[in-house]
Amino acid sequence: MQKHWWHSATIYQIYPKSFMDSNGDGIGDLQGIISKLDYLEKLGITAIWLSPVYQSPMDDNGYDISDYEAIADIFGDMSDMEELLNQANQRGIKIVMDLVVNHTSDEHAWFIEARDNAASPKRDYYIWRDQPNDLVSAFSGSAWEYDDESGQYYLHLFSKKQPDLNWENEELRHKIYDMMNFWIDKGIGGFRMDVIDLLGKIPDQKIRENGPKLHDYLKEMNQASFGEHDLLTVGETWGATPEIAKQYSNPDNQELSMVFQFEHIGLQHKPDRPKWDYAKGLDVPALKRIFNKWQTQLELGQGWNSLFWNNHDLPRVLSIWGDTGIYREKSAKALAILLHLMRGTPYIYQGEEIGMTNYPFENLEQLEDIESLNYAKEALEDGGDLSQIMDSIRVIGRDNARTPMQWDKTAQAGFSETEKTWLPVNPNYQTINVAAALEDPDSIFYTYQALVALRKEAAWLVDADFELLDTEDQVFAYKRYTKDETYLVVVNLSGQEQAIKLTCPVQETIISNTDIQRVVNTQTLEAWDAFCVRVK
C-alpha cells in the first residue's frame, strides 16, 4: 500500500462556535482557534477538521452555506482564515475543511436566482417537482417544501432552509469543483465531506444514499480537484458496509482517502427504533463484532478506516458508554486506548481529550439544535411527555457535543469573557478543564498525547493485522501482529472486575491506565483497566 501522511495522522475536530471566543460575543471564532494552536501542537495532532466557517444564516450551525468563498461574520473574515492556515502550517498542522455540497442555504445566490427565475439555468441546480412524494427530512416532516413564488416543491433532506443540490446538472458539479480548487489553492490539507453518500440521490425512486451515479461523481470530483494533491478526503457515509467503503477508499478507484462509517454508533439506539429511543449501556459483544468486521474486511490496500467515538452530531462518549463518576478519567483512557490502536485514522473531537461530558439540560429553552427542537415539537404534538423528551435529548441530543470548550476554571470556563455564551457552559467546568488536565501528569490529556505520538512513530499501527480474541463479554481484547512483532490490546469496558487469561510473556508496555504486573499476577482486570503490551 502506498503510504500517505494521513495513515499515521491523528485528526482533531473543531466546532468553531464552541472552541474559543476571542472578541467577547459568546461565540467561538477563527482568532480564538489561532490563540489555541500551541495547545493543539502540544497534543501533537497532524490536522484540524474544521466544521463549517463559510458564510451562512446559521439555521443549522453553518451546514447551510450561503457563500462557499466567504467567511461567516461571526467567525471573522477571509484574512482571519488565511492567518489560521498560515499559523497552523507553521506548526505542522493541516486544516481540513468541511465540504457541504449535498445542499446549500436557501439564501445562497444560486437558490435565490433559481426561485426568482424558473427560466434560469440555476433553476436546475436544485430539485423541483409539481407534486411531492412521501420522502421525509432527517430533521422531521416532509422533505418537500412548497415555494409560493414559483409554484413548485423543492427537495430538502434536512432543514427547509437547506435545499438539496441537483448533482445530475453538470454545470453545477463543475462550479463545486472550482470552489474546491479555490480552497486547495489556499493551502488546505483536505476535505471532510458532509453526507457525501446522498449526492447520487434519485428522489422520484426514493433512493437517498448510494445512488447509481454516486461513484461516477466522486471519480469526476477527484480528477477535477484534489486528485493531483496529497490531501485527506473523508466522506460521511451513514449507510456504508465494508464493501461500500472499499468503493470509496480503495486507492485504485481514485475517489476518497477514507469514509466515516457509523455502524458502531448505531449501538447507541434501540434496534430498528428512532435515534431518540436510546439503548441503556453498551452492548460490548456487538461492538466487538462490528469493529472486528471493519478491521478485517477493509483489508490493507483495499480501503482505509476512520476511527472515532465523538463528533458534533453525537453525544459525548463518556456519558453514553463510559463512566462520568469515579471512573471518568480511567474509562476515558480505556476508550481511547481501545480505539486508537486499531487500524485507521483516529479522530478526536474537541474536549474528548480532557473527558468532557454531556450537559444536564433542564428545558427546551437551553437548546439550539434544530434536530432536537424539531423532535421535541413533534413529540409534544403527538402527546409525548416532556420529561421523557428531555431525557432523550440529555442522552442523545447533538447540543451535548456543542457546549463551549472548557479551558480553565475562570468564568465561562475561559471560553468567553461575556456573561452569556451561545450555548451554556457545562457546570462541571470547575474540575474538567484544560488547565487542570495539563497540570496533572496522569490526566486523560497525556494519554491522548501519548497515543497521538505513537501513531506517528509506530509503523505497526498502519501495517499490522488485526485479530479479535475470545474473552469475557465485557472485555475487548485484540492482537495487532506483523511477521516480526505481536501487540496485545486489552480493555475492560465495564465498572466490574473481569477475568482474563494472559499467557504470553510481556516484553514491553506500550501504554496503560493500570498496573499490568498486577493483572498478570491475578489474571483479573479491575474496572476500566486498559493496556497495550508487546508480547512474545
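Q: In this predicted model, why are helices α8 and α9 called oblique to each other?
A: The axes of α8 (residues 242–249) and α9 (residues 284–297) come within 10 Å and cross at roughly 40°. Angles under 35 degrees count as roughly parallel and 65 to 115 as roughly perpendicular, with the rest oblique once those over 145 are set aside as roughly antiparallel, and therefore α8 and α9 are oblique. Their crossing is right-handed.

Q: Which residues make the contact between α8 and α9?
A: P242, A245 and K246 take part from α8, while K293, W294 and Q297 take part from α9. Sorted by class, the contact has three nonpolar, one polar and two charged residues.

Q: What makes the ring pair of Y39 and F445 tilted?
A: Among the 32 aromatic pairs of the structure, the rings of Y39 and F445 have centres 5.5 Å apart and planes at 35°. Rings pair if their centres lie within 6.5 Å, and planes under 30 degrees apart count as stacked and over 60 as edge-to-face, with the rest tilted, so this pair is tilted. The pair links distant parts of the chain, since Y39 in helix α3 and F445 in helix α15 are 406 residues apart. Both Y39 and F445 are buried.

Q: Why is the pair of Y54 and W183 called edge-to-face?
A: The planes of Y54 and W183 stand at 80°, with 5.9 Å centre to centre, and an angle over 60 degrees counts as edge-to-face. Y54 lies in strand β3 and W183 in helix α6, so the pair ties together parts that are 129 residues apart in sequence.

Definitions and conventions: Residues are numbered from 1 along each chain as its sequence is written. This is a predicted model: local features need pLDDT of at least 70, side-chain atom pairs count only at pLDDT 80 or more; totals for chains, interfaces and linings use all residues. Side-chain values use heavy atoms; hydrogens and water are left out. Axes are lines fitted to C-alpha atoms, for helices over the stretch in contact, and angles run from 0 to 180 degrees between N-to-C directions. Helices (H or I, at least four residues) and strands (E, at least two) are DSSP runs, numbered from the N terminus. A crossing is left-handed if the near helix is turned anticlockwise from the far one by less than a right angle, and right-handed if clockwise. Contact means heavy atoms within 4.5 Å. Ala, Val, Leu, Ile, Met, Phe, Trp, Tyr, Cys and Pro count as nonpolar, Asp, Glu, Lys and Arg as charged, and the others, Gly among them, as polar. Rings of Phe, Tyr and Trp (its six-membered ring) pair if their centres lie within 6.5 Å; planes under 30 degrees apart count as stacked, over 60 as edge-to-face and the rest as tilted. Buried means under 20% relative accessible area, exposed over 50%, partly exposed in between (1.4 Å probe, protein chains only).
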